[in-house]
Amino acid sequence: MRVLVVEDERRLATELAAALRDAGYAVDCAEDGERADFLAQTERYDAVVLDLGLPRIDGLTILRRWRDAGLSMPVLVLTARGTWHEKVQGIDGGADDYVAKPFRIEEVLARVRALIRRSSGQASPELRCGEVTLDPRSARVTLAGRPVKLTSHEYRLLSYLMHHRDRVVPRVELSEHIYEHGSDRDSNTLEVFVARLRRKLGNAFIETVRGLGYRIGDRP
Amino acid sequence: MRRALSLRARLLFGALLWTAGLFILTAFLHSHVLSAHPALPRLFNRVFLSHTSLLGVVALVCMAAGLVQVRRGLVSFSDLRARLTAVRDGREPRLDGRYPGEVQPLVDELNALLADRDARVTRALAKAGDLAHGLKTPLAILAQEAERTGGRDGDVADTIGQQVERMRRQIDYHLAHARAAASTTDPAARCHVRVSVDGLVRTLLRLHDSRRLTIDVDVPADHEVRARREDLDEMLGNLLDNACKWAKARVVVASLVDGGGVAITIDDDGPGIEPSMREAVLGRGVRADEAAPGSGLGLAIVRDLAELYGGSVALDRSPAGGARATLRLPKGIVDSR
């Protein structure tokens, strides 16, 4: 799962990014509207945390631009102006949720989690697939009740596959959602992660659909 | 300071002096003409004495017309006064109408003054907003830092967290107040209740997405209140959000016109509010239930905003079983221009 944080206050952006990374997300940051617009239009995100008061282009304008361009990723709006009028404008502009500053990091994390869960059509906060359980709240994975230790890349990959378990996920899509911007993406390492996950969770758990991509197997 | 002489008295006194001068001049010319043409008096007498009544009428009509003229000239002042009162009460944005040449420059100056005042208020309000919002991000960082160090010193972190929350509420409260105080005198402030409610319902359904709430809206499209959209959104948003937080499944918004105002009711099917708690809930910063999500300032802001607009907010029992909030606001003034 990959999240874009758009916040001009560097310190707050750093804190948010750190907390999101701790929670198992790949995180990119943008400090102004132009950069945010560029990243969102060129990369694939599972959620965006967007501050409305941005230099150059304000958040609401960018949000409308994204929605006009057909980008449908869930957007959590952060704003200092917490009036209801602005909330209505934000939601009408295409925001999915709203947090007023100053906020607690946990609140932002909980909302990002809920947005991603909803947009991928999952009903319960815990993702379960056979004997494997993934809890986005604690970023923990268990196999038959026993905790499984995963690296951050393994966790992101597994989380993405489990959020989209009813379909085959192409390799390109997978790599788009687990690597941060500018990090080295090699499809071989993707295969390495899958192999490691299979070793930890059972060979049949991740199925390779030849020529298409990966799918979570119903039975590990 | 000595009170200035009434304008009307001055004008009439001026007319009197003018008449006296004219009279003297006429008498002077009269005597000159008489000495030059001794035959004239007989002609004058014939004309004047044979039409005494007619001349009397003409004289009276002239005097009356003079008074009317003075009066008409002065009416523009009472008119101006009425219009100024309308501006002060917020019924009109500026002084309209055509005035005599001597008064029009005064009216123009007054309008310029009003425009300047509005611009100053707008600027001051923007500054207040900038200040408030400028504080929010540092507060957010402060709260984050406190949270991060929470593991090492829980007490300090809690204190900082609580104080940051208090500051946030203070900022929101006073900003809403400043905004409302500036806008209650704005005569252009009119808002369709339906427009505001529809936007809020869309927003609340999205924000309370997981709750599967139903919000029924029974607000006729032509109901208008005298309030700025931002303020009506703030009042209704807080009331509706509160209803959504407590409702089990259903919230109903309805409005009806009574007398000079519009009454908007918001019903929920939640647990309702104890009668003894109702007044307290509308007080400053009092929370009906510490466990309830959100800040306790919401309803206090609603009450203050409503009162600034000459309206009110009341809590009651809903026929649906839960709480009913009734927001009363003056009707929007129909633009006569």
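# Notebook: chains A and B

**Glu224(B).** I started at Glu224(B), which sits in strand E3 (residues 224-225) of chain B. The model is predicted, and I read every entry below with that in mind. I then listed what Glu224(B) touches, leaving out residues up to four places away in sequence: Arg190(B), Cys191(B), His192(B), Val193(B), Lys331(B) and Gly332(B).

**Chain B overall.** I counted 9 helices and 7 strands in chain B. Of its 337 residues, 26% count as buried. I took the contacts in chain B between residues at least 6 apart in sequence, and 65% of them join residues at least 24 apart.

**Helix H3(B).** I looked up residues 52-88 of chain B, which form helix H3 with 37 residues. From first C-alpha to last, H3(B) reaches 54 Å, close to the 54 Å expected at 1.5 Å a residue. I noted a bend of about 25 degrees at Gly73(B). How many of the 37 residues of H3(B) are buried? The number is 0, so I recorded H3(B) as lying largely in the open.

**Helix H4(B).** I repeated the length check on H4(B), which has 46 residues. The end C-alpha atoms of H4(B) are 68 Å apart, in agreement with the 68 Å that it should span at 1.5 Å a residue. I then looked for buried positions in H4(B) and found Ala132(B), Lys136(B), Thr137(B), Leu139(B), Ala140(B), Ala143(B), Gln144(B) and Ala146(B). For reading such a list I kept in mind that an α-helix has 3.6 residues a turn, so residues three or four places apart point the same way.

**Contact between the chains.** I counted 25 residues from chain B and 24 residues from chain A in the contact. Which elements give two or more residues to the side of chain B that touches chain A? They are helix H4 (104-149), helix H5 (154-183), helix H6 (193-207) and helix H7 (229-246) of chain B. H4(B) gives the most, with 9 residues. I sorted the residues on this side of chain B into 7 nonpolar, 7 polar and 11 charged.

**Strands E4(A) and E5(A).** I moved to chain A, where strand E4 (residues 75-79) and strand E5 (residues 97-100) run parallel and are joined by 4 bridges. I looked up Leu78(A) and found that its bridge partner in E5(A) is Val99(A). With helix H4 (residues 84-92) of chain A, E4(A) and E5(A) make a right-handed β-α-β unit.

**Backbone of chain A.** The bond that joins Lys101(A) and Pro102(A) is cis, with omega about -10 degrees. I placed Pro102(A) in the loop between E5 and helix H5 (105-119) of chain A.

Ala139(A) is not a glycine, yet its phi is positive, about 55 degrees. I found Ala139(A) in the loop between strand E7 (132-135) and strand E8 (140-143) of chain A. Ala139(A) is partly exposed, with 18 other C-beta atoms within 10 Å.

Ala144(A) also has a positive phi without being a glycine, about 50 degrees. Ala144(A) belongs to the loop between E8 and strand E9 (146-148) of chain A. I counted 11 C-beta neighbours inside 10 Å, so Ala144(A) goes down as exposed.

Technical notes: Residues are numbered from 1 along each chain as its sequence is written. Chains are lettered from A and ligands numbered from 1 in the order in which they are written. This is a predicted model: local features need pLDDT of at least 70, side-chain atom pairs count only at pLDDT 80 or more; totals for chains, interfaces and linings use all residues. The expected span of a helix is 1.5 Å times one less than its number of residues. The bend at a residue is the angle between axes fitted to the seven residues ending there and the seven starting there. A residue is buried if 20 or more other C-beta atoms lie within 10 Å of its own, exposed if 12 or fewer, and partly exposed in between; C-beta atoms are placed from the backbone. Two residues are in contact if their C-beta atoms, placed from the backbone, lie within 7 Å. Ala, Val, Leu, Ile, Met, Phe, Trp, Tyr, Cys and Pro count as nonpolar, Asp, Glu, Lys and Arg as charged, and the others, Gly among them, as polar. Two strands pair if DSSP finds at least two bridges between them. A crossover is right-handed if, with the strands pointing away from the viewer, the path from the first strand over the helix to the second runs clockwise.
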